[in-house]
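Me: I have a structure open and would like to learn how to read its features one by one. Could you take me through it?

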Amino acid sequence: MESTYKTRLSKEQLDLIIKHHLDASIQHYEEMIDGWANQAYKIKLGDGRSVVLKIAPSAATHMMRCEQDLMTAEVQALRLVAKLGDVPVPKVLAYDDSLTMAPAQYFVMDLMSGKPYNQIKAEFTQEVKDGIEQQLGFYNRRINEIQGEQFGYFSGKERQRATWREAFSMLMEDMLADGEAAKVNIGIDYDELRRLIEEKSDALDEVTESVLISWDLWDGNVLVQDKQITGIIDFERSLWGDPLMEHYFSHFNYTPGFIKGYGRAITTENEHKRRSLYDLYFDLALRIECDYRKYDDQEHIQSTIRNMEEGIARFKQS
């Protein structure tokens, strides 16, 4: 999707980067258009290998508070997950934040085989989808077994907190502050929403163990080939927090296959309270980011408005 965030590179810049880091030439390259914020290029090297170069928005881009240091977070998270050994994530081949060869941070990784699950999901029977989502549940559980020391944003100690309640309150306030700054109409007074959020925040105290969460593990970030998951990508939204914040526990998915593979369901009153807070946070993010990224897809923008209206109503009733 087109977004004002994207940083594009010339053929000369790509040649320089690939030669410097991989000591290779470029046989062919193309833009990958599925990304929503970062720009990515699929590159076939002269020796036959295929890699992906992903570049962050430039430092001059006006970004949301939750979008700071996304590339640093993604590279660090990918390296942590790769150490598990049984979760299919791309290997990071190079990372550069020096801004000497490009106007923004970038990294190069292996190209993973497969197609995004959201693009081919409709082709599968329910039995096949259940199997894929059971796999996803297992992989997501493995990711959530990586333990952290504090809660909150992945990168930067100053953006982390000792408790999950403090950290999530920071995340939510950042989201609301960005919405207010951009004058985004969310269908309710911002301070009234803050009051409703505070009423449920005591449920967050139940979370005492900090773990790595992808948070953005939706179908578009799951690669599938031959009815099997071949890759999990896009860890830029990674956080240290509560596993129930993961996408497949949300109102968008929460399928029997995923729950079976993960080995956990949402059962208690406090878990339902926490999940309602996480759903609200995601619904807000989908709506507010449209105004910052200046998306060109009007159908998508309207869908986020409808989803936000439904999300606020659902949160009030939960």
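Me: Let's start with Glu236: is Glu236 buried or exposed?

Reply: The general idea is a cut-off on relative accessible area: buried means under 20%, exposed means over 50%, and partly exposed is in between, with a 1.4 Å probe and protein chains only. Glu236 has a relative accessible area of 9%, so Glu236 is buried. Before we go on, this is a predicted model, in which local features need pLDDT of at least 70 and side-chain atom pairs count only at pLDDT 80 or more, while totals for chains, interfaces and linings use all residues. Residues are numbered from 1 along each chain as its sequence is written, and side-chain values use heavy atoms, with hydrogens and water left out.

Me: Where is the place of Glu236?

Reply: First, helices (H or I, at least four residues) and strands (E, at least two) are DSSP runs, numbered from the N terminus. Glu236 sits in the loop between strand 11 and strand 12.

Me: Which residues does Glu236 touch?

Reply: Contact means heavy atoms within 4.5 Å. Leaving aside residues up to four places away in sequence, Glu236 touches Asn38, Lys54, Leu70, Ala73 and Glu74. A polar contact is a pair of N or O atoms within 3.5 Å; within protein, one must be able to donate a hydrogen and the other to accept it, and residues adjacent in sequence count only if both atoms are side-chain atoms. The side chains of Glu236 and Asn38 make such a contact at 2.5 Å, and those of Glu236 and Lys54 make one at 3.2 Å.

Me: Which strands does strand 10 pair with?

Reply: Two strands pair if DSSP finds at least two bridges between them. Strand 10 (residues 222-225) pairs with strand 6 (residues 115-116) in the antiparallel sense over two bridges, and Lys115 has Val224 as its bridge partner. Strand 10 is also antiparallel to strand 11 (residues 228-232), over four bridges, where Val222 is partnered by Ile232. The hairpin of strand 10 and strand 11 has two residues between the strands, and Asp226 there takes a positive phi near 55°.

Me: What is the order of the strands in the open sheet?

Reply: Four strands form it in the order 8-7-12-9, with antiparallel pairing. The edges are strand 8 (160-161) and strand 9 (211-213), each of which pairs on one side only. Strand 7 (residues 151-153) is joined to strand 8 by two bridges, and Gly152 stands opposite Gln160.

Me: Which helix lies across strand 7?

Reply: Axes are lines fitted to C-alpha atoms, for helices over the stretch in contact, and angles run from 0 to 180 degrees between N-to-C directions. Helix 5 (residues 164-181) lies across strand 7, strand 8 and strand 12 (239-241), at about 25° to strand 7.

Me: Which residues of helix 6 are buried?

Reply: In helix 6 (residues 190-200), the buried ones are Tyr190, Leu193, Leu196, Ile197 and Lys200. The arc is that of the directions from the helix axis to the C-beta atoms. Those residues cover an arc of only 120°, so they are on the same side of helix 6. Asp191 and Glu199, on the other side, are exposed. The cover over the buried residues includes helix 5, helix 8 and helix 9 (298-317). At the N-terminal end, Asp189 caps helix 6, with a side-chain oxygen 3.0 Å from the backbone nitrogen of Asp191.

Me: Which residues have the most contacts inside the largest nonpolar core?

Reply: A nonpolar core is a set of buried Ala, Val, Leu, Ile, Met, Phe, Trp, Tyr and Cys residues joined through side-chain atoms within 4.5 Å. The largest one has 78 residues, and those with the most contacts inside it are Trp164, Phe168, Leu193, Met245 and Leu284. Helix 8 (residues 269-293) gives the most to this core, with ten residues. Another core, of 19 residues, lies apart from it and includes Ile18 and Ala104.
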